[in-house]
Amino acid sequence: MPEPGQLRVVVVEDESFTRRAIAIALREAGFEVVEAADAFACRAVLKQGRADAIVLDLGLPGCDGMEFAAELRAQGDIGLVIVSRRSAPETRIQALDIGADDYLVKPIHGGELAARVRSVLRRRQAPGGELRRLGRWKVDLQRRIVSAGVTAAPLTRGEFEVLSRLIEADGKIVGREDLLAAASRREASGDLRSVDALVSRLRRKLGDVEEDLIATAPGFGYRLAKPTRKA
């Protein structure tokens, strides 16, 4: 039985081993998970109840994956994360243009997928583009903009994901492994040292060279040095 308020994720994947592995990882991360082997099964699941997010493989039998992704996006405000072996940049671009919230290339790490799904749901559930104040910066978690007056910090996707995860933790220490999972695979190589490089760049762009905003927890990870407040 799902717990009250538990977020529901539908995993649409025709390879049974992969589907079960993804489902296990998401359940361990606290999601309610429903499995679907194809587009027909996914449609049946959605008719029976809500879904907060869908993890979708593009290589489904009997349908065009991109067309089905567009169909799902047209149904409403559901988080859509594509997981596929198709790694060509034009395929990623097409999926994002259709309205996918994220795109991961197989093989994937279950912890990273769970972090990506959490990130997508945070952005979609932020009320009215929730704004947080961090020092002199205003952080729009939904529009993914960090600004101070007319000046916008030019953060990359990975840098914003790290900042968003730190804001979510609200001053608690976030482990480097957690930040690695939250960061974009394009910017985090899988080596924990890449997290240190991301945080270093983030500090520099925020004018945080003396750790006024992001503090280091030696041997553990990072945390916000000052609490955020609603902007």
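## Ala39 in helix H2

At 4% relative accessibility, Ala39 counts as buried. The structure is a predicted model, and every value below was computed from its atoms. Ala39 belongs to helix H2. Setting aside residues up to four places away in sequence, Ala39 touches Leu60, Cys63 and Phe68.

Ala39 can also be placed relative to Leu72. These two residues are 33 residues apart along the chain, and their C-alpha atoms are separated by 9.9 Å.

## Helices H2 and H3

Two packed helices are described by the angle between their axes and the distance between the axes. Helix H2 covers residues 39–48 and helix H3 covers residues 65–74. The two pack at an angle of about 5°, and their axes are 12 Å apart. H2 and H3 are therefore roughly parallel to each other, because angles under 35 degrees count as roughly parallel.

Which residues make the contact between H2 and H3? On the H2 side they are Ala39, Cys42, Arg43 and Leu46, and on the H3 side they are Phe68, Glu71 and Leu72. Sorted by class, this contact has 5 nonpolar residues, no polar residues and 2 charged residues.

## Phe68 in helix H3

Phe68 lies in helix H3. Is Phe68 buried or exposed? Phe68 has 2% relative accessibility and counts as buried, because the cut-off for buried is under 20%.

Apart from neighbours within four places in sequence, Phe68 is in contact with Ala39, Cys42, Arg43, Leu56, Leu60 and Cys63.

A disulfide is a covalent bond between the sulfur atoms of two cysteines. How many disulfides does the structure hold? The structure holds 0 disulfides. Cys63 is in no disulfide, and the nearest cysteine sulfur, that of Cys42, is 9.6 Å away.

Cys42 counts as buried, at 0% relative accessibility. Cys63 is partly exposed, with a relative accessible area of 26%.

## Helices H6 and H8

H6 and H8 pack at an angle of about 85°, with 10 Å between their axes. That makes H6 roughly perpendicular to H8, because angles of 65 to 115 degrees count as roughly perpendicular.

From H6, the residues Gly158, Glu159, Val162 and Leu163 meet Leu198, Val199, Arg201, Leu202 and Lys205 from H8. By class, the contact of H6 with H8 has 5 nonpolar, 1 polar and 3 charged residues.

Ser164 is placed in helix H6. The relative accessible area of Ser164 is 9%, and the residue is buried. With neighbours within four places in sequence left aside, Ser164 is in contact with Arg122 and Leu141.

Arg203 lies in helix H8, which covers residues 193–205. Arg203 is buried too, with a relative accessible area of 12%. What joins the side chains of Arg203 and Thr216? A polar contact of 2.8 Å joins them. Arg203 and Leu163 are 40 residues apart along the chain, and their C-alpha atoms are separated by 9.9 Å.

## Two backbone details in loops

The peptide bond from Lys106 to Pro107 is cis, and its omega is near 0°. Where is Pro107 found? Pro107 is in the loop between strand E5 (102–105) and helix H5 (110–125).

Asp170 is in another loop, the one between helix H6 (157–169) and strand E10 (174–175). Phi of Asp170 is near 55°, a positive value in a residue other than glycine. With 44% relative accessibility, Asp170 counts as partly exposed.

Conventions: Residues numbered from 1 in each chain as written. Predicted model: local features only at pLDDT ≥ 70, side-chain atom pairs only at ≥ 80, totals over all residues. Heavy atoms only, no water. Disulfide = S-S within 2.5 Å. Buried < 20%, exposed > 50% of the residue type's maximum accessible area, 1.4 Å probe, protein only. Helix = DSSP H or I, 4+ residues; strand = E, 2+ residues; numbered from the N terminus. Axes fitted to C-alpha atoms, helices over the stretch in contact; angles between N-to-C directions. Parallel < 35°, antiparallel > 145°, perpendicular 65-115°, else oblique. Contact = heavy atoms within 4.5 Å. Nonpolar A, V, L, I, M, F, W, Y, C, P; charged D, E, K, R; others polar. Polar contact = N/O pair within 3.5 Å; in protein donor to acceptor, adjacent residues only side chain to side chain.
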